[in-house]
Amino acid sequence: MAGLPEGSLPLNRSSARAGTDNQLLIHTLTPASRAPLLTLTKRIADAGCSLADARVSTIGNDTSLVMLAAGAWDAIAKLETALAKLGRDEELRLSHYRTGPREQNGTLLPYLVEVVAADRPGILVKVVEFFSRHDIRVEQLSSMRYQAMQTGAQMFQAQITIGIPAQIHLATLRDDFLELCDGLNLDAIMDPVKF
């Protein structure tokens with residue numbers, strides 16, 4: 001081509017689209033005995049995509065998988081076709097959609113909150129409501145009920161990773177949170193994530 005050094009190609013749409021900033025969020029629900037973890041990871045790799053993030057959780061008798069695949073636009077399109085075929089399985093509830101890279105927010109401080117209490121309705125509502133009132137984003141949450149081995153009491157436990165805006169006064173926030181927990185008879189901690 002005129003004006004280009006020998007051996008070089010013009011920058012065109014196909015080469016510009018070859019990046020890996022295309023992402024596909026995949027979510028499945030299945031009976032635990034039929035969890036498609038291996039099948040999905042193979043489909044992602046076979047399509048030429050990378051597995052950017054994944055969460056697997058067994059809740060009750062079912063397993064939930066949430067996966068984020070990243071790749072070139074054509075690899076994502078190939079994966080979408082493969083998922084459409086996989087989605088025909090009646091025992092598999094599968095949804096997927098294209099998404100973009102997460103915005104990095106260097107002003108959010110990562111903190112881990114742990115709460116343990118005798119189980120009763122509404123505990124998680126009160127804790128999440130507290131953070132919502134302070135415009136604090138919940139990044140990850142895991143909660144469960146269990147029976148204490150020593151006494152047989154029904155217990156509740158939650159681990160929550162939050163992003164605290166840097167302008168919030170941490171000591172005041174921690175004091176307010178622990179005061180809420182004392183009023184609800186919850187044992188709780190709030191510590192910075194150190195990794």
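Here are some numbered notes on this structure, which is a predicted model.

1. **Overall layout.** Let's start with the fold elements. The protein chain carries five helices and eight strands. Going along the sequence, they come in the order α-β-α-β-β-α-β-β-α-β-β-α-β.

2. How much of the protein chain counts as buried? The figure is 27% of its 195 residues. For contacts with a separation of 6 or more, 71% are between residues 24 or more positions apart.

3. **Arg34 and Glu91.** The structure has six salt bridges, and a few deserve a look. In one of them Glu91 pairs with Arg34, with 2.7 Å between the closest N and O atoms. This pair links distant parts of the chain, 57 residues apart: Glu91 sits in the loop between helix H3 (73–86) and strand S4 (93–99), while Arg34 sits in the loop between strand S1 (22–31) and helix H2 (37–46). As for accessibility, Glu91 is partly exposed at 39% relative accessible area, and Arg34 is partly exposed, at 39% as well.

4. **Glu80 and Arg98.** Another salt bridge joins Glu80 to Arg98, and here the closest N and O atoms are 2.9 Å apart. Glu80 belongs to helix H3 and Arg98 to strand S4, so the pair ties together parts that are 18 residues apart in sequence. Why does Glu80 count as partly exposed? Because its relative accessibility is 21%, and buried would mean under 20%. Arg98 is partly exposed too, with a relative accessible area of 40%.

5. **Arg145 and Asp119.** These two side chains meet in a salt bridge with an N to O distance of 2.5 Å. Again the pair links distant parts of the chain: Arg145 is in strand S6 (residues 137–147) and Asp119 is in the loop between S5 and H4, 26 residues apart. Are the two partners exposed or partly exposed? Arg145 is exposed, at 54% relative accessible area, whereas Asp119 is partly exposed, at 27%.

6. **Pro121.** Have a look at the loop between strand S5 (108–118) and helix H4 (123–133), where Pro121 is found. Pro121 has a relative accessible area of 82%, so it counts as exposed; the cut-off for that is over 50%. Its C-alpha atom is 9.7 Å from that of Phe156, a residue 35 positions away along the chain.

7. Glu179 counts as exposed, because its relative accessibility is 59%.

8. **A nonpolar patch.** Which residues form the nonpolar patch on the surface? They are Val128, Val138 and Leu141, and together they have about 190 Å² of accessible area. Leu141 is in strand S6, and its 38% relative accessibility makes it partly exposed.

9. **Positive phi at Asp135.** Asp135 is worth checking on the backbone side. Its phi is near 55 degrees, a positive value in a residue other than glycine. Asp135 is placed in the loop between H4 and S6. With 65% relative accessibility, Asp135 counts as exposed.

10. **Positive phi at Asn185.** Where does Asn185 sit? Look in the loop between H5 and strand S8 (187–192). Asn185 is not a glycine, yet its phi is positive, at about 60 degrees. Asn185 is also exposed, with a relative accessible area of 64%.

Conventions. Residues numbered from 1 in each chain as written. Predicted model: local features only at pLDDT ≥ 70, side-chain atom pairs only at ≥ 80, totals over all residues. Heavy atoms only, no water. Helix = DSSP H or I, 4+ residues; strand = E, 2+ residues; numbered from the N terminus. Buried < 20%, exposed > 50% of the residue type's maximum accessible area, 1.4 Å probe, protein only. Contact = heavy atoms within 4.5 Å. Salt bridge = Lys/Arg side-chain N within 4 Å of Asp/Glu carboxyl O. Patch = residues over 30% accessible without salt bridge, like charges linked within 9 Å, V, L, I, M, F, W, Y side chains within 5 Å. Areas by Shrake-Rupley, 256 points an atom, 1.4 Å probe, with all protein chains shown as cover.
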